[in-house]
Amino acid sequence: MNPAHLMMRQIGYENRSFWRNPAAAFFTFFFPLMFLFLFPNIFGDEEMNYFGRPTSLNTFYVPTIAAFSVITACYTNLAMSITFLRDEGVLKRKRGTPLPPATYLGARIAHSTLIGILLVGIVVIVGVLFFDVDAPSNTVPAFLVTVAVGAAVFSALGMAITGVVPNSDAAPAVINFSILPLLFISDVFIPIRDAPEWLKNVAEVFPVYHFAQAMLGSFDPFREDAGFEWGHLAVVAIWGVAGAVFALKKFSWEPRR
Amino acid sequence: MSDTAIEVRGLKKSYGELAAVRGVDLTVQVGQIFALLGPNGAGKTTTVEILEGYRKRNAGEVSVLGFDPERNERAFKERIGVVLQETGVERFLTVSEVIELYRGYYPDPLPLDEVIAVVGLQEKRDVRVNKLSGGQQRRLDVAVGLSGNPELLFLDEPTTGFDPSARRNAWDMIRNLRSLGKTVLLTTHYMDEAQSLADRVAIIVGGRIVADGPPGALVGAAATQTRISFRVGRAAPPLPARLRSPDQAVGEIVSITSEDPTRDLHELTAWAIENRVELEELDVSRPNLEDVYLQLTADEAVSR
């Protein structure tokens, strides 16, 4: 069987497994939509100056919750499921078959990316239809590129974090601890312009902040140019390369108990 | 095509300071069921995982179907089947979906229905893996290992946790594999399993092979004594002189260790008929593999 066909077939089976676990599938989709609904209501519906002009809070939240969607699918979900498969011995079994390791892990990453893209699409559509958000048209290519870069980078980081998760019991705690604080200080859950300077400096070290900025930039309704935030994307990409290198060194196919 | 499936010479493997395998030699012929026996921590699993390509050796030569397993070549993986002690499969797929998924990894897999039939899961084919019992999941493990139609199948403790009838079924299944011309390398704790299935047995203790041969020959070489036991009434006359051993006790079970069982039995039964004594619960037993194994592992424990 040629590699592309083998990969497509594996993605198909991953997809079937994913939807057969309805609770997991439901919450993967429910969380971003819940936040999209909750945050603007909690923080008030009034206008704010985000993109240099008065804009509704919803216009801020559609791109940031889209960013959160990519992170939850490619980082959190991928890392959790890989850790569980590792401890159940599924990864070790795959290693004993002729299926090339890159094809198997590639299929898992591709499936997470597809789920992330589906979520981003739902968030944007819900935003436009129900939250009165202006979707920019001239920055669509930048938005798509940013989503793709984010999916690749957070998948690499998701694979990397499995290298430090000791076992599947610890997976939810370790993985959530590694990402939740960053989501709060990086312009994803809350606009951070009023945060203390030192907290912003901390946020700027990590990729979540830069990914959020690139998503916001490519969804800015007043923007005249193509909307690419090359500087932020470069920082995100560097984290991706570092994550991939770490994952290649520390990834384990065998249970750690 | 050579008729040697596995050839191992001077295999060594250490984990840090701990020497797990300390110079193992093994030869497994094509078509054989070969059992590797040994207590926990003896180096069984380490040896098998080196042969499967999961571990790198520190020293020695290893050839499995002509491949060096350490290189993890795809062509090698296409020709072996691996059933590990603790492995899972995709929990949300059904039995037939899982087998179909794994069949797709191999160039020349066994037909789906045949795989399901060999492990006896016909009635569970549309049941999801997370709804199967432990024994059924173990059979599915074996089915997945078989799905690629391997020439050589590794079975690491395939019947651990099975009830007696499930074990008999599994043994029939493994014998079926031999009739298909497969080579099987089996590890087990159960002596009766090795004795009943294996063409050849190697006993590994402390990282070394302490005995290697057909089960019958191992038993024959290690012990030549036969045990004769029976029960006689209190009123019975004394036994013939040559059968009086220090541990006899009239009215209870008499147990005699015999080096010449044909002659001793003849004398015993002649005495019984002559004196009209009933030999209740007469039992003549040869030492089995378990006796040999216990003796060998005890020797090793003493010499360490």
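I began in chain B, where strand S6 (residues 152–156) runs parallel to S7(B), with five bridges between them. Strands here are DSSP runs of E with at least two residues, helices are runs of H or I with at least four, and both are numbered from the N terminus. I call two strands paired if DSSP finds at least two bridges between them. Within this pairing, B:Asp156 has B:Thr187 of S7(B) as its bridge partner.

Next I looked for another partner of S7(B) and found strand S3 (residues 33–37) of chain B, also parallel and also joined over five bridges. There, B:Leu37 sits opposite B:Thr188 of S7(B).

**A note on the model**

I kept in mind that this is a predicted model: local features need pLDDT of at least 70, side-chain atom pairs count only at pLDDT 80 or more, and totals for chains, interfaces and linings use all residues. Residues are numbered from 1 along each chain as its sequence is written, while chains are lettered from A and ligands numbered from 1 in the order in which they are written.

**Chain B as a whole**

I counted ten helices and twelve strands in chain B. Of its 304 residues, 38% are buried. Its C-alpha atoms fill a box of roughly 75 × 45 × 35 Å along the principal axes.

**Chain A**

For chain A I wrote down ten helices and two strands, in the order α-α-β-β-α-α-α-α-α-α-α-α along the sequence. Buried residues are 43% of its 257 residues. Its C-alpha trace spans about 60 × 40 × 35 Å along the principal axes.

**Where the chains meet**

How many residues of chain B are in contact with chain A? I found 18 residues of chain B in contact with 17 residues of chain A, contact meaning C-beta atoms, placed from the backbone, within 7 Å. Helix H2 (74–77) and helix H3 (95–103) of chain B each supply at least two residues of the side that touches chain A.

Notes. Two residues are in contact if their C-beta atoms, placed from the backbone, lie within 7 Å. A residue is buried if 20 or more other C-beta atoms lie within 10 Å of its own, exposed if 12 or fewer, and partly exposed in between; C-beta atoms are placed from the backbone.
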